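This report covers the fold, the packing and the charged pairs of one protein model. Please read it beside the sequence and the coordinates.

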Amino acid sequence: IDCISPDMTDAPRQLPLDLGHAPGYSRDDLIVTASNMAAVDIVDRWPGWISPVVILAGPTGSGKTHLAAVWKAESEATVIDAAHIGNASGRTGPFLIDAIGDGPIDEAGLFHLINSVRQSGSSLLMTSRRWPGTWPVQLPDLASRLKAATTVEIGEPDDMLLSGVMYKLFADRQIAVDPNVISFLVSHIERSLSTASRVVERLDRAALEKKSKITRALAASVVTALDEGQATFDL
């Protein structure tokens, strides 16, 4: 869509349409590098887990949600709210609890769920930003059960993972980007997959508005705007 400025000396700008480029959370969309290899391996090895309870622990933007989505699709797991785990009583697993440890935990519900999973031969996957030893758990028996779980750490995305994710996000939008632009972005953005996705989306919109290719200069302006918390960019 072209919008003509009242000042006819200004060049027309294109208003970008929101085409709903949702991130892909399939196994084929998963990029494996050293930072997430152990977590990917444990997800791929299900249902042959040594322990029926697995915890993926890592910082925000490290890819835990993607891995949980891959496992949920494979296992057909039931998703449970960490604050209301007791509501799952009577259901059969596998079970998934995403983002546990940040807020209230239904400790009695989790204790009974872990026991049920162990007795029935089912599986429970939990994801958290925090190591389970730092969760706000008061029940000693629950703390003991958590210590017996298999905990796999996911590190911050490394350069290879960030680069691969951004190449794929641009490719999903049918955009070819110079490797120098990707290198610049990798070295200047927060080490987070969610930030990478946000940067790609904003670069796509900015390029459409300017009717230009995605250049290093445009990338720099977008990164600066993000750093300053701006909603729009000085194009």
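## Basis and overall figures

Contact here means heavy atoms within 4.5 Å. Among contacts between residues at least 6 apart in sequence, 67% join residues at least 24 apart. The model is predicted, so local features need pLDDT of at least 70 and side-chain atom pairs count only at pLDDT 80 or more, while totals for chains, interfaces and linings use all residues. Residues are numbered from 1 along each chain as its sequence is written, and side-chain values use heavy atoms, with hydrogens and water left out.

The protein has eight helices and seven strands. Helices (H or I, at least four residues) and strands (E, at least two) are DSSP runs, numbered from the N terminus. Of the 235 residues, 42% count as buried. Buried means under 20% relative accessible area, exposed means over 50%, and partly exposed lies in between (1.4 Å probe, protein chains only). The accessible surface comes to about 12700 Å². Carbon and sulfur atoms account for 52% of that surface. These areas come from the Shrake-Rupley method with a 1.4 Å probe; for residues, only the protein chains shown count as cover.

## Nonpolar cores

In soluble globular proteins, nonpolar side chains tend to be buried together. A nonpolar core is a set of buried Ala, Val, Leu, Ile, Met, Phe, Trp, Tyr and Cys residues joined through side-chain atoms within 4.5 Å. The largest such core has 26 residues. Those with the most contacts inside it are Met-166, Phe-170, Leu-185, Ile-189, Leu-203 and Ile-214. Four helices each supply at least two of its residues: H5 (159–172), H6 (179–188), H7 (193–210) and H8 (216–227). H7 gives the largest share, seven residues.

Which residues does Leu-185 touch, leaving aside its neighbours within four places in sequence? Its contacts are Met-166, Phe-170, Val-199, Leu-203, Ala-219 and Val-223.

## Helix H3

Gly-121 follows H3 and has a positive phi, near 75°.

The buried residues of H3 are Glu-107, Gly-109, Leu-110, Phe-111, Leu-113, Ile-114, Asn-115 and Val-117. They pack against strand E3, strand E5 (95–97), strand E6 (124–128) and helix H4 (140–148).

## A tryptophan cluster

The whole structure holds two aromatic pairs. Rings of Phe, Tyr and Trp (its six-membered ring) pair if their centres lie within 6.5 Å; planes under 30 degrees apart count as stacked, over 60 as edge-to-face and the rest as tilted. Trp-46 and Trp-71 are edge-to-face, at 6.0 Å centre to centre with 85° between the planes. Trp-46 sits in the loop between helix H1 (37–45) and strand E3 (53–57), and Trp-71 in helix H2 (residues 64–75), so the pair ties together parts 25 residues apart in sequence.

Trp-49 and Trp-71 have ring centres 5.5 Å apart and planes at 15°, so this pair is stacked. Trp-49 lies in the loop between H1 and E3, 22 residues from Trp-71 in helix H2. Trp-46 and Trp-71 are both buried, and Trp-49 is buried too. Trp-46, Trp-49 and Trp-71 form one aromatic cluster.

## Salt bridges

A search of the whole structure finds seven salt bridges. A salt bridge is a side-chain nitrogen of Lys or Arg within 4 Å of a carboxyl oxygen of Asp or Glu. Arg-45 pairs with Asp-41, with the closest N and O atoms 2.9 Å apart. They are four residues apart in helix H1, so about one helical turn separates them. Arg-45 is partly exposed at 39% relative accessibility, and Asp-41 is partly exposed at 37%.

Asp-159 and Arg-191 form another bridge, at 2.5 Å between the closest N and O atoms. This pair links distant parts of the chain: Asp-159 is in helix H5 and Arg-191 in the loop between H6 and H7, 32 residues apart. In H7, Glu-201 bridges to Arg-205, with the closest N and O atoms 3.8 Å apart. Glu-201 and Arg-205 are four residues apart, so they are separated by about one helical turn. Salt bridges that share partners also join Asp-29, Lys-168 and Asp-172 into one network.
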